[in-house]
Amino acid sequence: MAISPQMQARLDRIDALINSGYTLERKWGYYPDLKKSSGESVNIFGGLFSWSGPAGFSWIAFFFPWAVCAQIKEWSFFYFVAVFSFFSTALSIGLGTNSNFASFLTCIFYASMYPYLRYLAAKRNVKEYSKAASIVIGMLLWILAIVPSLILAFLSAA
């Protein structure tokens with residue numbers, strides 16, 4: 001699968017860190033944990049609203065997280081969406097608000113994590129889906145993931 005020059009630059013930055021003694025592994029089954037050689041975890045998100053972590057921020061993953069996660073077979077994204085959207089819907093119902101802030105946060109979260117997830121997928125030799133297939137598969141899985149929150153929202157409105 002062809003990688004854009006921007007993504008290749010991000011992967012090269014991660015690779016340079018790994019070669020200089022950093023480690024990268026999954027924490028909690030989905031979260032990429034980048035650690036210095038001292039064992040101290042590195043903030044992959046950067047500062048508040050700066051999104052300037054060591055590998056940067058992926059705008060493609062911000063706008064199309066469902067497609068890029070499907071492309072590298074990062075199924076934890078869809079589990080995360082299902083759980084987070086259900087609980088944020090329940091919280092919105094409980095507080096009497098109507099907010100799509102949870103979707104925005106999910107997009108920011110995965111756009112910052114995506115370069116690391118793609119690096120880990122490449123190291124595991126994950127065979128990526130084509131862009132067309134990842135769009136279709138990702139959209140279907142995203143819809144399936146939000147069905148429980150949609151049912152909850154529908155039942156609360158009735």
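Of the 158 residues of the chain, 38% count as buried. Buried means under 20% relative accessible area, exposed over 50%, and partly exposed in between, with a 1.4 Å probe and protein chains only. The model is predicted: local features need pLDDT of at least 70, side-chain atom pairs count only at pLDDT 80 or more, and totals for chains, interfaces and linings use all residues. Residues are numbered from 1 along each chain as its sequence is written, and side-chain values use heavy atoms, with hydrogens and water left out.

**Whole chain**

Show the cartoon. The chain has six helices and two strands. Helices (H or I, at least four residues) and strands (E, at least two) are DSSP runs, numbered from the N terminus. Read from that end, the order is α-β-β-α-α-α-α-α.

Switch to the C-alpha trace. Along its principal axes the trace spans about 55 × 35 × 25 Å.

Now consider contacts, meaning heavy atoms within 4.5 Å. Among contacts with a separation of 6 or more, 71% join residues 24 or more positions apart.

**Stop 1: Met-7**

Select Met-7, in helix α1 (residues 5-19). The residue is buried, at 5% relative accessible area. Beyond residues up to four places away in sequence, Met-7 touches Ser-58, Tyr-114, Pro-115 and Arg-118.

**Stop 2: Ser-76**

Go to helix α4 (residues 76-95) and pick Ser-76. Its relative accessibility is 15%, so Ser-76 counts as buried. Which residues does Ser-76 touch, not counting those up to four places away in sequence? They are Arg-26, Gly-29, Tyr-30 and Tyr-110.

**Stop 3: helix α5**

Select residues 101-123, helix α5, and find Thr-106. Thr-106 is buried, with 5% relative accessible area. Leaving aside neighbours within four places in sequence, Thr-106 is in contact with Phe-77, Phe-80, Val-81 and Phe-84.

Stay on helix α5 and move to Lys-123. Is Lys-123 buried or exposed? Lys-123 is exposed, with a relative accessible area of 54%. From its C-alpha to that of Asn-43, 80 residues apart along the chain, the separation is 21 Å.

**Stop 4: the cysteines**

A disulfide is a covalent bond between the sulfur atoms of two cysteines. The test here is a pair of cysteine sulfur atoms within 2.5 Å. By this rule there are zero disulfides. Cys-69 is in none, and the nearest cysteine sulfur, that of Cys-107, is 9.9 Å away. Cys-69 is buried at 1% relative accessible area, and Cys-107 is buried at 13%.
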